[in-house]
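Please read this short report alongside the structure. It covers helices, strands, the interface and salt bridges in turn.

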Amino acid sequence: MTTLLDLKGVTAFYGASQALFGIDLDIAEGEVVALMGRNGMGKTTTVRTISNLLRPRDGAITFAGQPTRGMAIHRVARLGIGLVPEGRRCFAPLTVEENLTAAARPGGWTQQHVEQLFPRLAERRAQKSSTLSGGEQQMLAIGRALMTNPRLLILDEATEGLAPVVRQEIWAAIHRLKGELAILVIDKTLKELSRVADRCFLIERGRTVWAGTPAGLTPELTDRYLGV
Amino acid sequence: MSRETILNVAILAGLLAVALGAWASGEPFVVQLATRAAILGMAGVGLNLALGYGGLVSFGHAAFFGIGGYAAGILASAAQNYEPLMTWPVELPGTTSMPIIWLTAVIAAGLIALPIGALSLRTGGVHFIMITLAFAQMIYYFAISWPAYGGEDGLSIYVRNSLGTLDTMSPLTFFLIAFALLLLVLGLVLVATRSRFGLALAMARQNPLRLTSMGVRPFNVRLTAFVLSAMAVALAGALYADLNRFVSPTMLSWHLSGELIVFVILGGVGRPCGPLIGACIYVLLEQWLGGLTDYWQFPLGVILLLVVLFARGGVIGLVTGRNANA
């Protein structure tokens, strides 16, 4: 499989304080990769550097063979990165349909296709996204990212703060997406992650400390890097 | 139909009814006032595209209003004096044909708005307000100091420009022309705001970074909105010059930029017909209160203050009781 995204020794700063000290991460075309670590270890920061929302100081990021250093944010997105940010972030006064279509780019993912994945969005098509439940907003955020026809979908805490039933729906959708495009998932539920991910990366204090298959995640590793 | 749609139709029908009624009862001056309201409303509708939908508070739209006015004035005066507009590289005569004048006004304003917007949109907030004002002032002083077209004294259009075989000197005919163009501009603005471009513009206002991370550069969307908005304002300016049969640098002054913003805020920011009702109220106050006192802008200021403090959705928001959706 060809490498889609590759991070090598990425460091990043928020002002004077260093957040990333050396992230190594790679995702192959069509692969599902889990990014794990405790709170504050740099998972979201890593995602921000991938999208160029935060400029890395050192290290190299290449997406689809192109180095993204210094590239404008919208150009990085257009290379094929669909970001579903933490906290959903829909455009509240716009309707579901408007949220979906505004930034859509041509490709296999159409509104119809997204509504098949999340039938609830079809029911809520003309509703303002501020009136949706948290789970529906999450579905909308994922749908919106898919409508840009990305090659890599980044899900940052996609099931956070949702009811267990709704979480199951989101996980089911991720399972259905698997194989269609590469996915980078950040989540807290180890059980679900190890079920869907092809590979996992553990990060601690802004460094990649372990990489391997979910089967290789021993209790020692999870206790050391994920347990509280 | 939502309440706002009904209200919008009522506003437009009301304006038309006032003009027709006044004409029938032999009050050409009232028709003139209705025309003024329609034209100023059109300029407000144009500004609203940038200010209301795009959140771009331009304090320099008088520049485009004046450019439209001067396009009409310069073309007409050249034609009426039988002087060519220019002799090099090709000899270009003036014209009194309204469609050509409108087209010239709109294109000229678009071409000037493009660099102004491209530079101004690199800033934001207060700086954007000030830089648009600065550009408008540059054009204002240029018009004052350039003697070829009247300089500070302005430029007269002896006979209103022509549109086919219509008698444009008839107040009612001219009102209907302005009203038809107002409907056209309103329709185009509605189509634009409901298109993907309009959605992206709303997103750029709400959260530019989020839009960027979805692969759309807010700058391009905003620049398009700024240019389109300038074009609509220029069309209104061309009509305004024809209405008064006079163009002067006053049309370019920052007072007018302020008035346009007042129309938008008074009527309702981001509401399709908001600026129109704002302009109607403005014209009415100017006429009635202006007859009573020279200081009629004082009560206008009080009303504006009340609207800003207690009716954030403007008059339209007050009547429909809902927040703007765009």
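Which residue with a positive phi follows α3(B)? Tyr82(B) does, with phi near 50 degrees.

This is a predicted model, in which local features need pLDDT of at least 70, side-chain atom pairs count only at pLDDT 80 or more, and totals for chains, interfaces and linings use all residues. Residues are numbered from 1 along each chain as its sequence is written, chains are lettered from A and ligands numbered from 1 in the order in which they are written, and side-chain values use heavy atoms, with hydrogens and water left out.

**A helix in chain B**

Helices (H or I, at least four residues) and strands (E, at least two) are DSSP runs, numbered from the N terminus. Helix α3 of chain B spans residues 62–80 and has 19 residues. From its first C-alpha to its last, α3(B) reaches 26 Å, close to the 27 Å expected at 1.5 Å a residue. That expected span is 1.5 Å times one less than the number of residues. Buried means under 20% relative accessible area, exposed over 50%, and partly exposed in between (1.4 Å probe, protein chains only). In α3(B), 17 of the 19 residues are buried, so the helix is largely enclosed by the rest of the structure.

**A strand in chain A**

Strand β8 of chain A covers residues 182–186. Five of its five residues are buried, so β8(A) is largely enclosed by the rest of the structure. In a regular strand the side chains alternate between the two faces of the sheet. Here Ala182(A), Leu184(A) and Ile186(A) point one way, while Ile183(A) and Val185(A) point the other.

Two strands pair if DSSP finds at least two bridges between them. Strand β3 (residues 32–36) of chain A pairs with β8(A) in the parallel sense over four bridges. Val32(A) stands opposite Ile183(A). Strand β7 (residues 152–156) of chain A also pairs with β8(A) in the parallel sense, over five bridges. There Asp156(A) stands opposite Ile186(A). The chain runs from β7(A) through helix α7 (residues 164–177) of chain A to β8(A), in a right-handed β-α-β crossover. Right-handed means that, with the strands pointing away from the viewer, the path from the first strand over the helix to the second runs clockwise.

**The interface**

Contact means heavy atoms within 4.5 Å. How many residues of chain B are in contact with chain A? There are 18, and they meet 23 residues of chain A. The two chains bury about 1,900 Å² between them, 66% of it on carbon and sulfur atoms. Buried area is the accessible area (1.4 Å probe) that two parts lose on being put together, summed over both.

**Salt bridges**

A salt bridge is a side-chain nitrogen of Lys or Arg within 4 Å of a carboxyl oxygen of Asp or Glu.

| Pair | N to O distance |
|---|---|
| Arg38(A) and Glu204(A) | 3.9 Å |
| Arg271(B) and Glu4(B) | 3.0 Å |
| Arg36(B) and Glu286(B) | 2.5 Å |

Arg36(B) in helix α2 and Glu286(B) in helix α11 of chain B are 250 residues apart. Arg36(B) counts as buried at 16% relative accessibility, whereas Glu286(B) is partly exposed at 22%. Arg271(B) is buried, with a relative accessible area of 1%. Glu4(B) is buried too, at 16%. In chain A, Arg120(A), Arg124(A), Glu136(A) and Glu169(A) are linked in a network of salt bridges.
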